[in-house]
Amino acid sequence: MTVRKLTLSAAATTTVLLLCGSILGATSATAAGPAPTTPTTTSSTSTTTAPATTASARAEAPEAPGSPGAPGVADLPTKLAPPSTGTTPEATVVRPAQGSAPATTAAAPALALSSYDPKAGTAVLAPAGTESAEGAAKTEAAPSGSAAPAAAAVQPGQLIDSPPTPAAPHGALVAVTGVQPAADGTVAVTTRPATLPELLGATSADLHSAISPAAFEVKPWISGLQVTSDLGPTSGSGSVSGGLGLSADATVPLPGGSSAKLSGSVELHPAVDFSYRGGLGLIDPQQARIGFTLGAHADWHVSAALTGSTGPVRIALASYSASPVVMVGVLPVVINLAFTLYADISADGTVTLDAEQAYDGTWGVHSDYVKGPGWTTTTDPGTSTVSPLRLDLRGSATAKAGLLAEASVALYDTVGVKASIEPYLRVAVNGSVLLDATHPEPEVNGTIALYGGLDINGALMARLVVLGTPVLEQDLPFLAFHREWPITSWSAGQSPVPLVNWTTLSAGLIDDNQSAYLRTRPDWDPSALKASCPDGTRLLGLAHGSDNGLCSDVTRANLWGANHGYVVDHGGTYVNTDWAPGYAKAQCPAGSLVSGYSRNGRTIGVLCAESATPLGTASRTLWFDKGDNRPAVAGGGDFAYGFGKGQCADDEFVAGVAYSQPWWQLWAARPYALLCQKLA
């Protein structure tokens, strides 16, 4: 499986990364031992494996000052600080980096941030006490004579580097612009934001370390949820071998008055990545990386009665947050992690679902900075294994159940990445199936198909310049990862009604040609990134801000003519009316329908398949650049999470695409509107 990368210019973006996991699985709690197995004749396991994340940016860039081995560059010892013991940590007052040397500590008394207002740029330093975090603002009073040494030690031009405190929960890295001592021993300062190059200079640092479960705060969102921590042996560097777990046994309401039963367990093994290679100047580093990997195991049980078309129903289970401190020499660098775990259930049709699955996987997402090329976001889908253990499905529907995690990672709460990760199990059923360990063969009446899947979506969150790189105040979507693979299928008993097929396309960084016929033919749009629908289906939807699309054979299947004739249009050769004024258009000729799309820089093309039957002529323009514009009952699920999506009605087809370039993404055209035309 190909590792997916997106390079963003240094002038247009910024920063960090994320990752956080989600899962899907089946019954038994992890602590109880291995999940129950079923006979080999009745259970299937599907695994998708990708290469490990590509080498860090320093291996992709030429040797530069600040790279390992460069003269005068120091490799500082780097480790993860142990979790806080409950006392208020001291702030580090330092003189800024000079040349290749990192910041040096000033001879200041033990001080801590007792108040901090990042918007106003004001802070108060007080003598460090020993009280717990809850009472950190009440630092021990100091003799009035101690104010002078503290004020003398804190001077304009110095940096304050503070780990998380009650006054600054996400830490703080600021430069002092003014000092005002007080009689009670505190020192009021005015500040401006500082950058890592000012702190670390031309030094280098590297860290990959597991995060102790003790570092996380966990907030349950539903009753019947228990949080567990297997701390395991913990070294002085903060590395752990244990996991962060939760178990659930709860009933939660669903739209329309129905409910879902959730039970099982999840175990997470989070780790953080951080690296830095400074330059000789204090403008920006030569290289930097921040990232997150997550190993996960889940045994999960979902049962629900779903009627009609149910959009994605996300049930918040628990929120996790941690602020691990990376010690680069004596200098703390604060990384802030947050994620929320959801149960995700959706259906298109009517089905009674009672499913148990086991899930195991490891994923990673990293943001790498190299001076010159700028930021690169790398998605490592790692390995994912979905094992259906028990299924009791009855009805006619396509249903999906997953455990989704929405996560963010930031440095000092100033720059970051947000993302969602969801491994899931999808089932297409028309009839019934019963599969469990008590039955040597599945009991099938109709047609059943099982699929495993993995979705990773997200965006760079451009904020302040903590790494010294120019940024825009705008979230910048990065190209996502989507893959779905068949696990198994059954067909027996009654003659089933043909199932409706829904297929998500993703052509962000590699071609996604789902057409078996076109894979045997020459490249239909050379030099462009492209996606094509499976044979027998047509394009029904596109996403604005990503390269995802949606195909289906709903209402009318196998529309492509037997001769498989097609044309490709980029410049509006077949446009006969201006249905999207002000936008470039790609449109199919009469008698053809869109079954694929391509993007070559600022140009979008459409793959036009000749229809085997006459098509209607009634059409409409469907805009989706401001958010979702989909039918009230929309099949196919959320095919591009986090992005605006346009989707034609089930009795329509896409006849054309209007496109332009967003102001923040001038290197890539994006669709803004669809020309939806009636099938008959």
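Is C533 buried or exposed? Hold that thought for a moment; we'll get to the cysteines.

Okay, some ground rules. What you see is a predicted model, where local features need pLDDT of at least 70 and side-chain atom pairs count only at pLDDT 80 or more, while totals for chains, interfaces and linings use all residues. Residues are numbered from 1 along each chain as its sequence is written, and side-chain values use heavy atoms, with hydrogens and water left out.

So, the overall picture. We have two helices and 37 strands in the protein chain; helices here are DSSP runs of H or I with at least four residues, strands are runs of E with at least two, and both are numbered from the N terminus. Of the 680 residues, 57% are buried. Buried means under 20% relative accessible area, exposed means over 50%, and partly exposed is in between, with a 1.4 Å probe and protein chains only. Now contacts, meaning heavy atoms within 4.5 Å: among those between residues at least 6 apart in sequence, 73% join residues at least 24 apart.

Next, the cores. A nonpolar core is a set of buried Ala, Val, Leu, Ile, Met, Phe, Trp, Tyr and Cys residues joined through side-chain atoms within 4.5 Å. The largest one has 91 residues, and L196 and L199 have the most contacts inside it. Strand β19, residues 331–370, gives the most to this core, with 16 residues. Apart from it there's another core, of 31 residues, including W502, V594, A640 and C676. Remember C676, please; that cysteine comes back.

Two strands count as paired if DSSP finds at least two bridges between them.

Then β9 and β10 pair over seven bridges, antiparallel, with V179 partnered by V189 in β10. The hairpin of β9 and β10 has five residues between the strands, and G185 there takes a positive phi near 95°. Four bridges join β7, residues 122–127, to β10, residues 187–193, and V124 has A188 as its bridge partner in β10.

Now back to the cysteines. Taking a disulfide as a pair of cysteine sulfur atoms within 2.5 Å, we get three of them. Counting bonded cysteines along the chain, the pattern is 1-2, 3-4, 5-6.

The pair C533 and C551 is joined with S to S at 2.0 Å. The torsion about the S-S bond is about -75°, so this disulfide is left-handed. C533 lies in the loop between β27 (529–532) and β28 (538–544), and C551 in strand β29 (548–552), so the pair ties together parts that are 18 residues apart in sequence. And the opening question? C533 is buried, at 3% relative accessible area. C551 is buried too, at 0%.

Then there's C588 with C608, S to S 2.1 Å, left-handed again with -90° about the S-S bond. C588 sits in the loop between β31 and β32, C608 in strand β33, and they are 20 residues apart.

C648 and C676 make another disulfide, S to S 2.0 Å. Here C648 is in the loop between β35 and β36, C676 is in strand β37, and the two are 28 residues apart.

Last topic, charges. A salt bridge here is a side-chain nitrogen of Lys or Arg within 4 Å of a carboxyl oxygen of Asp or Glu, and the structure holds 16. K678 pairs with D651, the closest N and O atoms being 2.9 Å apart. K678 lies in β37 (670–678) and D651 in the loop between β35 (644–647) and β36 (652–660), so this pair ties together parts 27 residues apart in sequence. K678 is partly exposed at 29%, and so is D651 at 32%.

K645 and D638 meet at 3.0 Å, N to O, and both are buried. Those two also belong to a network of salt bridges with R314 and D628. That's it from me.
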